[in-house]
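Dear colleague,

I am passing on the structure below, together with notes on what came out of going through it. Please read the notes with the coordinates open beside you.

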Amino acid sequence: MTTTHDADAPMTAQDDGEAATGAGAATSPATDPDASQPPETAESSAVPDAPRGRLQRLRRGRDPIAWLLGAGAALVACVFVVVDLAWNQGAFIAPLDDVYIHLQYGKQLGSGELFRFNPGDPISTGASSMLYTVVLAIGHLVGFSGNGLLGYAVVVGIVCTAFATGLTYHLGRVLVGRATGVWAGVLTAVSGPLMWGAASGMEVGLTALLATGMVYLFVRERPDRRFRWTPVVGVALALVRPEGMVLALALSGAMVWTTLSGRRRGEGLRPRATAWTLLPLLAPICQYLFYRVATGTFTANGVQSKSLMSDRPQFYIGDFVNRAMDNLRGAVGFFNGLSGQNYAFPGMLVVFVLGLAYVLVKHRRWRALVIALVVAFAGIVASVSTLSTALIHELRYFQPFLPVYILFTVIGLYALSRLVARGRFRQAALHLLPTVALLFSLVALPQWAWRFGWEAATIRDTNVSVAAWIRGNLPPDAVVGVKDVGAVAYYSGHKVVDTIGLTSNGFAEASNHGPGALYEKLRAMPPGERPDYFAVYEQWPGASMHSFVDTGVFVAEPEMTFDLNVPRDSSGWSIVPFDEMNVYRADWRLAGTGDRAPVDGDVRDHVDVGSLDSETEHGYEADMEQPGVQPYTDLRRQDGIIDSSRYILGGETFRIGNLRPGQDATLTSRTMVNGIEQFVRVRVDGQEVGVWNLGPNRESWETRSFDIPGRYLDSADAEITLEPVRPLLSPYPEYTSYGYWVTQ
């Protein structure tokens, strides 16, 4: 092969002074049947380097450009750390509370508590990264604790991001050429959102390294059609983040395709090699089996809390599609540079797609890789778009995949340079377009560093301050209910109950249903395990708290109030959703009073509306007449009674049991009707019994009874349906339902 060619031509082994020989060379159609372009042109298909022997491997590992780019990325991330220290009087504070959730799980695992958020807790699935929890546990085992463990996490993130940057350079060099690799590495090193994640203490850096590393290993091992280390890294990638699992499985499919394609060329079937490429499949299988065995469900707590399919009492497909599409459009806007957050330069997504298309068309050997990346990126964006938190926290779910995104964007710029210039102007065009992208990144970088410090100061002013106050002012054995669970648990030294449900099993669904369901979940806890205090705010996420104050579950006067003193940005946004967090003392003296029957007689059954356990036991459903209207739960205190409820627009269905067949029964309700009289038709096992007048009664609940003749009760249980007298048309029955008692 000639050694005189354009500076931006694809690199081969001979470009480094090495002979491209051996099984890994694959430098021509003779050694790689997929290659369809002649190897002697400056734009010929780029091929993986083929190091021969230990000397060559050592030389390639010491590529000064890769190390220089990695060092540059580490330096930029360290600037973020310095900015954080400047904002926080010399103390490093994580820029979001979720970091401390990871630290708490890591500390617990390092202490021998397997995925238990508090000592002695049941196993929970609040650690969204199983692998990162293990990494933090190792840090705890070697002696890091408190802020030291946070520093360890930050160093791990920065080092991993530095290596990911070097691998991005190598990928660009292998796929297209040295210039492409350099530009991909440079743009990765100055990526504001990636450096934000690298220095945050989250698993962003580790995930970025594994994602980039798996793609790199695929490229290196693909010429032999035998993947040895790519599946191993795929297992780690699948365990580090759910989004990483999507990429790992997509690349596993590419490995299967590549391995089996050798059979079509007469290489013979290699069942063991093919089976080995499926190794990443074991990660999700084992992980979700662990979830099922340990917690009784395959669904992680974070998904239960944040998924658009479960974050509201009732699932409506139209509502889900609408909200998911809003997230999807938002993500596309961010990655196409059409948002105000400086996530990308304008049109970056289009250039990224062009880069994928260029590699797919020009280099057929990478067809499986490109298709896998298309499937993976589409899957990641689609899956994240189903979360209510998809576009918050600086899009941290997407940050680990920015190196690959930037790489193919640079390849897209390379493709554009091939179109807009000829001859000696090509090299200028090749460098001009990435230079423009670099200018966008450099302009945005100070803003990202400023946001990093500002967000860290916000966490210090709220969650970290609350944790320090709790540690110094509440009894050591006090249990604390919280909304933001990370810093309070990590720094306060108190046992905590996560009312949002990320780390406390069973609370996600209750919180999503509203304050009534949350109250019922809390009061059902053994008295010694109920929170003695609550450190909460009013706003989403999680149930609102004003009902707890209004009913006296929280003592009205807070023990302490923490105001957010860090100003919001110019758009009014803050890393925390509140301006005020209060610490309340709990008063459980009236817990359970809502269960008492409001009428005399032999109570055969009680449906406690608002209690998810009671509703499940009785097959309860709120039959809303208008799709999209949610039967949220609430909490009310009246006449020395505290009871939960649901807002109903239409009717209800539930089963009652423990009946005496053939004997007359009385169904008594506790309801509050808003305004004029409300009527519902009563059916028992589908048979119409009569019409029940529920109101009116503004500003208070009332008890009303309905007689069910014994002829309608031919078994020990029956299905009760309350429905509009005039179906389809408004006005519908509109009332607040607190519960039903059946007496005989």
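Between which strand and which helix does the loop with Pro541 lie? Pro541 is in the loop between strand 3 (533-536) and helix 22 (546-551), where helices (H or I, at least four residues) and strands (E, at least two) are DSSP runs, numbered from the N terminus. Before going further, please note that this is a predicted model, in which local features need pLDDT of at least 70 and side-chain atom pairs count only at pLDDT 80 or more, while totals for chains, interfaces and linings use all residues. Residues are numbered from 1 along each chain as its sequence is written, and side-chain values use heavy atoms, with hydrogens and water left out.

Backbone geometry

The peptide bond that leads from Trp540 into Pro541 is cis, with omega near 10 degrees. Another cis peptide bond runs from Ser730 to Pro731, with omega near 5 degrees, and Pro731 is found in the loop between strand 14 (718-724) and strand 15 (734-743).

Positive phi values also deserve a look. Arg225, although not a glycine, has a positive phi of about 55 degrees; this residue lies in the loop between helix 8 (204-221) and helix 9 (230-240), and with a relative accessible area of 2% Arg225 is buried (buried means under 20% relative accessible area, exposed over 50%, and partly exposed in between, with a 1.4 Å probe and protein chains only). His393, likewise a residue other than glycine, has a positive phi near 55 degrees, sits in the loop between helix 16 (367-384) and helix 17 (402-420), and is buried at a relative accessible area of 15%.

Five strands make up an open sheet with mixed pairing and the order 2-1-3-5-4, two strands being counted as paired if DSSP finds at least two bridges between them. Strand 2 (496-498) and strand 4 (560-563) stand at the edges with a single partner strand each, so one side of each is left without a neighbour in the sheet. Neighbouring strands of this sheet are turned by 15 degrees against each other on average, direction ignored; the axes behind this value are lines fitted to C-alpha atoms, for helices over the stretch in contact, and angles run from 0 to 180 degrees between N-to-C directions. Strand 4 runs antiparallel to strand 5 (residues 580-585), to which four bridges join it, and Phe562 has Met581 in strand 5 as its bridge partner.

Elsewhere, strand 8 (residues 633-638) and strand 9 (residues 641-656) pair in the antiparallel sense over six bridges, with Arg637 standing opposite Ile642 in strand 9. These two strands form a hairpin with two residues between them, and Asp639 in the turn has a positive phi of about 55 degrees.

Strand 6 (residues 603-608) is largely enclosed by the rest of the structure, because five of its six residues are buried. Five bridges join strand 6 to strand 15 in an antiparallel arrangement, and the bridge partner of Asp608 in strand 15 is Gly739.

Side chains and surface

There are 26 salt bridges in the structure, a salt bridge being a side-chain nitrogen of Lys or Arg within 4 Å of a carboxyl oxygen of Asp or Glu. One of them links Arg604 to Asp602 at 3.1 Å, N to O; Arg604 is buried, with a relative accessible area of 17%, whereas Asp602 is partly exposed at 31%. Arg681 and Glu688 form another, with their closest N and O atoms 3.1 Å apart, and here Arg681 is buried at 15%, while Glu688 is partly exposed at 41%. Salt bridges that share partners also join Asp311, Arg312, Asp319 and Arg323 into one network, within which the closest N and O atoms of Arg312 and Asp319 are 3.2 Å apart.

A search of the whole structure finds zero disulfides, a disulfide being a pair of cysteine sulfur atoms within 2.5 Å. Cys160 is therefore in no disulfide, and the nearest cysteine sulfur, that of Cys78, is 14 Å away; Cys160 itself counts as buried, at 9% relative accessibility.

Best regards
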